[in-house]
Amino acid sequence: MSSNELTREVARRVFAAEFNDATYTFKESDDERAPNYALLPTGERANRVFFVGTLTETEDVGEDNEYWRGRVVDPTGTFFVYAGQYQPEAAAALRDAEAPSYVAVVGKPRTYEPEDGRINVSVRPETIAVVDEATRDRWVVETAERTLDRIEAFREWELEADAPEGATTVPSNEYAAMARERYDSPVENYRRSVVQALEGLEEPTATA
Amino acid sequence: MSELRQHAEDVHAQFSDHVDVDVADVRERLETLVVDYKVPTDEARRSVINHYLEEAGIEREELAGGSSEAVSIEEIDEPERWVELTAKLIELWEPRSDSIDQVGLLGDPTGTIKFTKWAKSDLPRLEEGGVYRLRNVVTDEYQGRYSVKLNRTTVIEELEEDLEVGDDTSVIEGAMVDMQRGSGLIKRCPHEGCTYVLQNGRCPEHGEVEGEFDLRIKAVVDDGIDAHEVIFDAEATEGLTGLGLEEAKEMAMDALDTTVVADEISDRVLGSYYRIEGPTFGRYVLADDVEELAGPADSESLLIKARSI
């Protein structure tokens, strides 16, 4: 889709539990500058993500140059955010940040393979901003909603794809098909994460 | 497949004046494409129409819209549809070619749309401010924007009543995820009527000029489905950030650097959620009305859904 080159990539909403399972990455064309996508297990491609969570730790893990790692926790897991010399603003934000605090992060999914053969998913941040608790709660609800939408679309597709006479009339859900081919973990896991995240909001904050 | 029969009847009605064809034949062609070859219905209909056009040796424009259906402007969301509009002529533009008789903007309570009237169609002239019922106009699309074309078969009826015209107001709710270059304290060309933003003290039209300070934000507001580009003028920027033009100038003066203003603004707004309302201009939404979404969103109904699916 050539028109996509001019449009800005949308920032997907995804909980950490699902994001960290998005180990498969791909491009839509052979063009060297074509955008990279992480495949979300609920059946969507993500070139960019937006999340809000608690920054719990920051550490300079660089050797010669500064290379900052931040852990940002949401109700389902932890996002690992890495910023070095090529992301000076995000690196400065991590350097100056106080933990714990709520941060909103816009960034790109990245994968790397440590020696044990696993694939780790992390975030290369574009911006990191300190926000308040209400913003974080709003993000949890919004992300729950977007995730449920993806799960519903995935299941609809699955039902029709598996129906005996369905082979020809399946409405396309390209990324759901790709996710089922690439990943083992069922979307049910991510429905549970959503329930868990929303239940966390319902709990009354500690009363005096 | 009663849907196909309906399409067949529509197509037949469009052609009955031009070629000798019966409904069953039209339907059979549609069925072959849709059922045997899995062509989407709209595409099949288009293809069948093209077949008969060729057979009859006529242009698409000469076809009477057998099923010209009355629609509002906001409902127009696909090209090549024959529709009937009741709309007010908001303004006429200068035609760029001799083949165009009149071109301009039509409006109804749901929005506005461009129209084109071809010279060869030989239709009566439309006047600015007039309200018309236009039967048999064809929708068109270019780069995601729709227009309507009047043609030889279009029936124009001038109405006596006035019509309220709505604007293309967009409402966006989402997180502010980015501020683009050219945000913050900028300088504009001082020439009257010229609104160019200076790049290194130069106006693309008037060259090197002494610029006038202005304040604006070009932001990206993203709801997880689309990324919207939003422009805040000086007033909207102050409403959003509490930072006015005078204060921004002082800040820049103290720092001997204008970029501190953009930095300060992004510190205040990035990562937060807003509801933005305003008219659409090309790919930008102009922020008229801005509200920070500070309260938590309702999670209860969502939790019920999450548990039940």
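A residue is called buried if 20 or more other C-beta atoms lie within 10 Å of its own, exposed if 12 or fewer, and partly exposed in between, with C-beta atoms placed from the backbone. Helices (H or I, at least four residues) and strands (E, at least two) are DSSP runs, numbered from the N terminus.

Some ground rules. This is a predicted model, where local features need pLDDT of at least 70, side-chain atom pairs count only at pLDDT 80 or more, and totals for chains, interfaces and linings use all residues. Residues are numbered from 1 along each chain as its sequence is written, while chains are lettered from A and ligands numbered from 1 in the order in which they are written.

Now the strand. Take β6 of chain A, residues 68-74. Which of its residues are buried? A:W68, A:G70, A:V72 and A:D74 are, and they point to one face.

Next, the neighbours of β6(A). Two strands pair if DSSP finds at least two bridges between them. On pairing in general: strands of a sheet pair through backbone hydrogen bonds, either parallel or antiparallel. Strand β5(A), residues 48-60, runs antiparallel to β6(A), with 6 bridges joining them. A:L55 has A:V72 as its bridge partner. A:E57 stands opposite A:R71.

How many residues does the hairpin between β6(A) and β7(A) run through? It runs through 2. A:D74 stands opposite A:G77 of β7(A).

Back to β5(A). It pairs with β8(A), residues 101-112, in the antiparallel sense over 7 bridges. There, A:G53 has A:V103 as its bridge partner. β5(A) also pairs with β1(A), residues 11-12, and this time the sense is parallel, over 2 bridges. A:R12 stands opposite A:V49.

Now a helix. In α2(A), residues 88-96, the buried residues are A:A90, A:A91, A:A93 and A:L94. Why do they line one face? Seen down the axis, they fall within an arc of 160 degrees, so they line one face of the helix. That arc is of the directions from the helix axis to the C-beta atoms. The face turned away carries the exposed residues A:P88 and A:D96. What covers the buried side? The cover includes β5, β6, β7 and β9 (120-130) of chain A.

β3(A), residues 36-40, pairs with β4(A) over 3 bridges. A:A38 stands opposite A:A46.

Step back to the whole of chain A. It has 5 helices and 9 strands. Of its 208 residues, 41% count as buried. Two residues are in contact if their C-beta atoms, placed from the backbone, lie within 7 Å. Of the contacts with a separation of 6 or more, 63% are between residues 24 or more positions apart.

Then the partner chain. The contact takes 32 residues from chain A and 26 from chain B. On the chain B side, α7(B) gives the most, with 5 residues.

Last, confidence. pLDDT is the predictor's confidence in each residue, from 0 to 100. Chain A averages 90, and 91% of the residues score at least 70. Residues 1-5 of chain A stay under 50, with 0 contacts beyond four places in sequence.
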